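Please look through the sequence and the structure shown here before reading the report.

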Amino acid sequence: MKITVIGLGYIGLPTAAMFASKGFSVTGVDVNPKVLEALKKGEIIIEEPGLPELVRDVVQNGKLTCADKPSESDVFIICVPTPVSADKKADMRFVAEAAQTIVPFVREGNAVILESTSPPKTVEGLMCPILEKSGLILGEELYIAHSPERVLPGSILRELENNSRVVGGINKKSAEFVRHLYRSFVKGEIFLTDATTAEMCKLMENTYRDVNIALANELAKISETLGINAWDVIELSNKHPRVNLHQPGPGVGGHCIAVDPWFIIEKAPSMASLINLSRETNDGMPGYVVSKCGKMLGGLSGRKIIVLGASYKPDVDDVRESPMKYIVGLLREAGAEVTVADPHVAKFAEAYKNLYETAKGAHLLLLGVHHKEFKELDFSLLSGVMAGKNVLDTRNFLDGRALREAGFNYVLLGAGK
Ligand code: SAJ
């Protein structure tokens with residue numbers, strides 16, 4: 001069976017490689033010549049553990065090839081980006097284009113699967129009308145389904161294989177066909193439903209997390225005014241068997257959780273009030289962190305600040321939608337002199353390597369991401385070079401007691417004492 005995967009990004013490429021490793025003949029299609037050039041040599045341009053080896057093997061044994069356009073195939077899997085525009089609406093151009101390009105090639109018995117995270121009714125309202133132009137009877141002669149991924153960047157291959165999946169077909173036959181296909185590498189359960197329910201499941205999974213992070217961020221702010229520690233409240237509340245409070249922080253980054261809730265809001269703006277408020281709460285955290293810096297330093301103009309961490313979460317190099325980017329921008333706007341240090345992000349690695357030099361004359365150290373390397377920081381050295389002994393920890397990661405004993409003014413986001 002031949003599978004064509006359209007879009008070779010963080011999800012498309014691992015998915016293509018997984019199918020290829022199970023013996024399917026897979027063609028990966030992408031518009032980016034850099035991706036294709038690399039792939040021809042069995043190489044990849046993204047960072048993901050285990051993926052370089054897997055791709056090298058399946059390219060070498062001829063199971064994964066690439067092209068800049070689709071051609072005839074038994075299965076077409078669409079994994080193109082669905083970005084959110086400046087006015088917070090889903091930009092579905094790439095999905096529509098991908099569906100258009102396969103119309104000339106679909107034949108009776110084929111399947112078209114949408115993997116991209118999409119607003120509810122994308123399959124029914126956008127994809128089906130395009131695919132109808134093939135003249136095939138949808139659901140009978142051409143199977144159509146949504147099969148969203150649930151993998152965590154950094155553990156993609158393991159999670160692709162082991163996580164359960166929701167598959168939503170435009171009819172039962174479509175859903176069953178797709179379940180059978182994914183069974184080739186998915187060890188987790190595969191649950192069948194309709195396409196719009198599957199679209200909504202994917203969005204609600206990330207929205208659940210966003211709303212809960214917003215709740216934690218609100219708790220952090222309230223705790224500060226009450227003079228208590230939100231992190232203690234969370235730890236103790238989570239002893240309850242049915243409670244799972246999330247962690248506060250400087251904001252929500254990445255290309256999923258900070259984006260997907262907008263796809264629901266767009267469909268029902270007057271009803272999605274809690275979802276909207278949560279987005280706003282989380283997007284307001286960079287500003288809140290910056291105002292805390294200002295309070296600690298009695299103003300920001302001319303202050304030298306070292307920002308530790310640039311990525312959107314710990315131990316990855318991914319800076320997409322990172323709240324740290326907004327924090328740095330706001331600090332600079334307020335006249336602060338900011339240096340970013342991050343061992344994982346090439347652009348900021350040098351500053352981290354020379355941290356004790358970089359921190360000379362700094363008034364504040366702001367910890368924004370809890371990379372494991374930051375556990376090893378030598379604060380007695382830092383204390384010797386910094387002009388002001390101020391630390392703001394937005395992740396409850398540093399040893400506050402030790403820092404205070406070393407003479408630092410240690411401030412923890414969410415702690416009023
Ligand atoms: N964050 C907090 N507090 C928390 C948890 C996270 O502030 O309690 C922040 C992180 O620092 C980060 C952001 O949220 O900036 C998102 O990080 P994450 O690790 O929670 O999630 P992602 O975006 O890397 O991956 C998510 C996952 N979804 C869920 O866990 C529900 C993943 O399973 C999805 O496949 C992925 O989105 C996606 O592609 O949709």
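The report below turns to a sheet, a helix and the surroundings of a ligand.

This is a predicted model, in which local features need pLDDT of at least 70 and side-chain atom pairs count only at pLDDT 80 or more, while totals for chains, interfaces and linings use all residues. Residues are numbered from 1 along each chain as its sequence is written, and side-chain values use heavy atoms, with hydrogens and water left out.

Eight strands form an open sheet with mixed pairing, in the order 3-2-1-4-5-6-7-8. Strands (E, at least two residues) and helices (H or I, at least four) are DSSP runs numbered from the N terminus, and two strands pair if DSSP finds at least two bridges between them. Strand 3 (64–67) and strand 8 (190–194) are the edge strands, each pairing on one side only. Strand 2 (residues 25–29) runs parallel to strand 3 and is joined to it by four bridges; G28 has C66 in strand 3 as its bridge partner.

Helix 5 (residues 122–131) packs on the sheet, where it touches strand 4 (75–78), strand 5 (110–114) and strand 6 (142–146), contact meaning heavy atoms within 4.5 Å.

Around the ligand there are 21 residues, of which V151, K202, N206, R209 and Y312 come nearest; a residue counts as near if one of its heavy atoms lies within 4 Å. The table gives polar contacts, that is, pairs of N or O atoms within 3.5 Å.

| Side chain | Distance to a ligand oxygen atom |
|---|---|
| E149 | 3.0 Å |
| R209 | 2.8 Å |
| R395 | 3.0 Å |

The protein covers 87% of the 780 Å² of accessible area (Shrake-Rupley method, 1.4 Å probe) that the ligand has on its own.

Notes:
Axes are lines fitted to C-alpha atoms, for helices over the stretch in contact, and angles run from 0 to 180 degrees between N-to-C directions. A polar contact is a pair of N or O atoms within 3.5 Å; within protein, one must be able to donate a hydrogen and the other to accept it, and residues adjacent in sequence count only if both atoms are side-chain atoms.
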